[in-house]
Amino acid sequence: MGKMATRESYGKALAEFGSDERIVVFDADLSKSTYTVTFKKVFPERHFNMGIAEGNMMSVAAGMATTGKICFASTFAIFAAERALEQVRNSIGYPHLNVKVCATHAGITVGEDGASHQCVEDLAIMRAIPGMTVVQPCDGASTRAAIKAAIDTYGPFYVRLGRLAVENVYGEYGDEIPFTIGKANLLRNGKDVTIIATGLMVQQSLAAAKILEAEGVTARVLDMHTIKPIDREAIVAASRETGAVVTAEEHNILGGLGGAVAEVLSEEAPCVLRRVGVRDLFGQSGKPQALIELYGLTPEDVAAAARSAVAAK
Amino acid sequence: MNKETETRLKLYAVRMRKLILEGIYRAQSGHPGGSLSCTDILAYLYGEKMRVNPEKPEDPDRDHFVLSKGHCAPALYSALALRGFFAPDELDGLRSCGSMLQGHPCMSHIPGVDMSTGSLGQGIATAVGMAMAGKLDNKTYRVFSVLGDGELQEGEVWEASMAAAHYKLDNLTAFVDFNGLQIDGPNETVMGLGSIPDKFRAFGWHVIEIDGHSFPEIEAAVTEAEGVKGQPTMIIAHTHKGMGVSFMKDQAGWHGAAPNTEQYETAIAELNAVLSALEV
Ligand SMILES: Cc1ncc(C[n+]2csc(CCOP(=O)(O)OP(=O)(O)O)c2C)c(N)n1
Ligand SMILES: [Mg+2]
């Protein structure tokens with residue numbers, strides 16, 4: 001299985017679909033890290049480096065979007081979703097403009113840079129902006145599909161991307177895969193518990209399902225690539241058909257995927273729920289794998305949550 | 001500045017540079033370029049100027065420092081270690097799991113770090129807050145801060161600058177580490193800064209331009225700033241990114257890259273040569 005960081009696939013997708021002249025890309029002095037440089041190499045006249053000024057970048061992108069452009073604005077998640085939050089909310093969200101905020105380096109697997117750069121709040125924040133579509137692909141093929149969907153769907157998007165190279169789930173970058181905004185992808189069926197995962201926790205959850213299978217527990221695994229609008233139908237079906245749900249995200253357990261799933265379950269189909277994620281803590285410096293272990297995001301952690309959920313049914 | 005002091009500071013700086021490179025090499029991660037460009041400024045502040053006490057890192061009367069360009073944490077850590085705030089071998093754990101030396105300065109865990117930074121543009125604003133508190137409480141402490149030139153692109157820097165002049169913060173002395181480079185290349189290609197001295201003058205600051213690798217010039221500027229009344233001072237320090245390591249000097253590519261073993265050994269050999277020349 002191949003490996004590629006979703007940020008790298010993002011750059012490839014921009015370059016692949018960039019012949020659409022409505023597309024304009026903005027960056028804030030991080031174009032090699034966000035991979036918007038891949039687009040810049042092919043379409044330099046439609047790539048704008050705005051310097052280290054993320055708030056301004058978002059408002060400029062909003063202004064350009066009012067003229068009919070499809071604007072992509074990229075920086076690290078911490079600066080896109082938090083430094084520039086109010087610009088995203090008031091200049092992009094409120095007027096419902098066609099700006100795709102594509103944020104890389106989300107979560108703790110940023111690694112050595114530490115807590116100041118590890119964004120574990122963005123899903124919760126972006127989800128709370130009315131009209132914002134929030135997407136987190138888990139591999140190269142789904143990143144390509146997410147960017148294609150963002151281009152084809154009018155309105156503000158927040159696309160959450162990672163720094164770390166991750167294993168392919170759907171195939172190679174470029175493979176056509178089923179991908180509909182707001183529709184979870186069923187990756188594995190099971191009857192005892194459903195693991196609803198997003199981002200690199202999809203890979204961890206598939207591995208967890210294998211661990212569980214060896215113990216005689218069959219787990220359904222859903223790739224919840226769209227956090228908003230959330231796939232209510234798939235969540236309700238998970239509750240009714242498997243009776244226990246585990247959420248898995250590289251994000252604070254408050255307000256993100258776990259929060260969104262809990263809202264749907266408690267309103268429509270209550271069942272046992274366990275949330276795997278960062279347990280309301282800031283990150284810290286370290287190698288990504290060491291942090292995955294320290295913060296409880298390994299396949300074994302997901303499997304343990306599933307066991308606990310099944311036992312509590 | 002007498003020769004003896006200058007030699008002592010040069011030694012402090014070369015030892016800092018060695019620690020910076022050791023830490024980044026071991027972590028295989030970090031920002032050597034900008035750490036090496038502000039080393040001499042930090043060597044002067046911690047090796048000579050600032051009234052700080054490693055035995056009492058939170059002394060309310062101490063001089064305060066904010067590394068607004070927080071990615072250059074290894075420069076701050078090495079300056080603090082040599083001043084006695086913690087053992088220099090703490091840098092061995094730089095950026096690794098469980099070490100107190102986080103990738104960016106963290107005031108909750110590291111003795112001597114006065115402010116957590118890492119998000120560019122915010123540090124200078126927090127330094128303004130510290131200087132305002134000094135005025136409010138009639139303290140004699142001074143507040144120092146170091147900014148990157150790329151960092152000046154953040155609007156918050158100018159909001160903070162306006163506030164510093166408005167509140168007549170003559171107890172605040174800041175430096176721009178003017179190395180001309182940021183991540184995506186030279187400042188002028190990424191987002192032109194125009195005349196930095198003119199901009200700060202227009203914002204009401206007293207402005208001094210110096211060679212940021214000359215200890216006598218750094219000292220003269222800091223002393224001049226102390227004599228200025230009713231205005232904050234910005235020292236525009238002309239520097240070289242990667243200063244002290246020949247192959248890193250003025251190279252944007254060394255902004256955030258760690259040396260491999262061969263590069264590390266070459267760099268340390270260069271610094272050792274400087275060290276032994278100074279030691280005789
Ligand atoms: C708000 C914010 N945006 C982006 C970054 C990522 N970043 C880290 S260093 C850097 C370039 C800094 O350039 P400069 O200020 O010139 O620093 P120096 O050359 O002294 O290293 C960037 C964009 C950040 N740390 N904070
Ligand atoms: Mg610079």
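## Contact between the chains

Contact here means heavy atoms within 4.5 Å. On that basis, 26 residues of chain B are in contact with 24 residues of chain A. The model is predicted, so local features need pLDDT of at least 70 and side-chain atom pairs count only at pLDDT 80 or more, while totals for chains, interfaces and linings use all residues. Residues are numbered from 1 along each chain as its sequence is written, chains are lettered from A and ligands numbered from 1 in the order in which they are written, and side-chain values use heavy atoms, with hydrogens and water left out.

The two chains bury about 1900 Å² between them, 44% of it on carbon and sulfur atoms. Buried area is the accessible area (1.4 Å probe) that two parts lose on being put together, summed over both. Of the area that chain B buries against chain A, 29% comes from Cys97(B), Glu154(B) and Asp184(B), more than from any other three residues.

## Polar terms at the interface

Between chain B and chain A there are four salt bridges, a salt bridge being a side-chain nitrogen of Lys or Arg within 4 Å of a carboxyl oxygen of Asp or Glu. Glu154(B) forms a salt bridge with Arg83(A), with the closest N and O atoms 3.2 Å apart. The side of chain B that touches chain A has six nonpolar, 15 polar and five charged residues. In this classification Ala, Val, Leu, Ile, Met, Phe, Trp, Tyr, Cys and Pro count as nonpolar, Asp, Glu, Lys and Arg as charged, and the others, Gly among them, as polar.

## Magnesium site in chain B

The magnesium ion (ligand 2) is coordinated at 2.1 to 2.2 Å by Asp149(B) through OD, Asn179(B) through OD1 and Leu181(B) through O. Along the chain these donors follow the spacing D-x29-N-x1-L. Asp149(B) lies in the loop between strand E2 (143-148) and helix H6 (155-166) of chain B, and Asn179(B) in the loop between strand E3 (172-178) and helix H7 (187-190), so the pair ties together parts that are 30 residues apart in sequence. Helices (H or I, at least four residues) and strands (E, at least two) are DSSP runs, numbered from the N terminus.

Donors are N, O and S atoms within 2.8 Å of the metal (3.2 Å for Na, K and Ca); water is not among the atoms, so sites may look incomplete. Both Asp149(B) and Asn179(B) are buried. Buried means under 20% relative accessible area, exposed over 50%, and partly exposed in between (1.4 Å probe, protein chains only).

## Salt bridges within the chains

Over all chains, the whole structure has 33 salt bridges. In one of them, the side chains of Asp92(B) and Arg26(B) meet at 3.4 Å, N to O. This pair links distant parts of the chain, 66 residues apart: Asp92(B) is in the loop between helix H4 (73-83) and helix H5 (122-136), and Arg26(B) is in helix H1 (residues 3-27). Asp92(B) is partly exposed at 34% relative accessible area, whereas Arg26(B) is exposed at 53%.

Asp63(B) pairs with Arg51(B) in a salt bridge, the closest N and O atoms being 2.9 Å apart. Asp63(B) is buried, with a relative accessible area of 2%, and Arg51(B) is partly exposed at 43%. Another salt bridge joins Arg201(B) to Asp198(B), at 3.0 Å between the closest N and O atoms. These two residues lie in helix H8 (residues 196-202) of chain B, three residues apart, about one turn of the helix. In chain A, salt bridges link Glu16(A), Arg144(A) and Glu176(A) in a network.
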